[in-house]
Amino acid sequence: MTDDLKTFHLPTFTLESGETLRDVQVAYRTYGRLSEKQDNVVVVIHALTANADVHEWWSGLFGTGKVFDPDQYFIICPNNLGSPYGTTSPLNRQGSHDSGKEADFPFYTIRDTALLHLSLLEYLDIGCIFLLIGPSCGGNIAQEMAYYSGEKVKNLALLCCSAQESPWVIVIHEAQRQALLIDPGFISGSGKGQGLVAARAMAMPFYRSHASFTLRQSESHDHVIRDFRASSYIAYQGRKFLDRFDARCYYHLINALDTHHMGRSRNSIREALAQIKANTICMGFSSDILVPTIEQKAMAELIPGAKFMEIETIFGHDAFLIEAEKVNRALCDFLEDCTES
């Protein structure tokens, strides 16, 4: 179903800050085959800590008749800049950035990641994108890609994201940064330690909801206890994250996420979103407290002809993963409507 992980290389890549990355690589996977008309390309941009293996983390959308049908579409999923899963990141030291405190990597933005992905698509000679889709952080990157691509993107799906990172999310990220920076393992450059566990623990309640924790972590005892199911769950998630991720990468990824602002250097968010030419769906989840549906409604009002859809769920921001059946059905209906119109 999937090709092996591939790598695209660039000798240099200039960041929005003016700094230059050298010997840049982008890891990516492809699924299916490009049609003769080259009109069946689906580009998936992953969320903050995911990777190019979209068949694993979004498996509910894969298969015959689904949004990601490798028998029908040529699916491309690149790994984001700064991620520890194959694309250039703080795991690759860059120039004089050896301070430790700054995690040995230049400052970069969401817009930089979008432009790097567009360089990959140019290398692959992709002239038309049937569907560009991104959840959460991936939706922010996808907005930038759609802005630069114009009519090349036919259909655009933006899930649980916003046109600008909110002060609410930036505050959450700042608390996580503080946890990372006081960890001696991070400062020394080892890249792993209790700071990463703590940062992940801070994020988890915002990825879910009051109702979802009540459903899955409630206690049924009638005596005093010290070991709560909810506490054990958060600790487990932190340890699991420590095993698969890198603190320096996480630090730079949340820094980049905070830079997201579609209106920067474009007069306004309104003017920037007005440049998106694709048929667009802005999808939100009713219980999302991290990026609430007011954000997707606002985008839908500014992107020409865009449709807003809210999915009822108790699972908060992570519903884009948990409610895969509902998401798949909504996206299939959206694409069918776009094809008929």
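Me: How many aromatic pairs does a search of the whole structure find?
Reply: The model is predicted. Rings of Phe, Tyr and Trp pair if their centres lie within 6.5 Å. A search of the whole structure on that basis gives a count of 14.

Me: Which parts does the aromatic pair of tryptophan 168 and phenylalanine 206 tie together?
Reply: The two rings stand edge-to-face, with 5.4 Å from centre to centre and 80° between the planes. The partners are 38 residues apart in sequence. Because tryptophan 168 belongs to residues 167–181 and phenylalanine 206 to another helix, the parts tied together are helix H4 and helix H6.

Me: Is tryptophan 168 buried, partly exposed or exposed?
Reply: Buried means under 20% relative accessible area, and exposed means over 50%. Tryptophan 168 has a relative accessibility of 43%, so the residue counts as partly exposed.

Me: Why do the buried residues of H7 line one face of the helix?
Reply: Helix H7 covers residues 210–217, and its buried residues are Ser212, Phe213 and Gln217. Seen down the axis of H7, they line one face because they fall within an arc of 95°.

Me: Which exposed residues does the face of H7 turned away from its buried side carry?
Reply: The buried side of H7 is covered by elements including helix H6 (194–207) and helix H8 (229–244). On the face turned away from that side, the exposed residues are His210 and Leu215.

Me: Over the ring of which residue does the charged end of arginine 200 sit?
Reply: A charge sits over a ring only if it is within 6 Å of the ring centre. The charged end of arginine 200 is 4.2 Å from the centre of the ring in question, that of phenylalanine 241.

Notes: Residues numbered from 1 in each chain as written. Predicted model: local features only at pLDDT ≥ 70, side-chain atom pairs only at ≥ 80, totals over all residues. Heavy atoms only, no water. Buried < 20%, exposed > 50% of the residue type's maximum accessible area, 1.4 Å probe, protein only. Helix = DSSP H or I, 4+ residues; strand = E, 2+ residues; numbered from the N terminus. Arc of directions from axis to C-beta. Contact = heavy atoms within 4.5 Å. Phe/Tyr/Trp six-rings, centres within 6.5 Å; stacked < 30°, edge-to-face > 60°. Lys NZ or Arg CZ within 6 Å of the ring centre and 35° of its normal.
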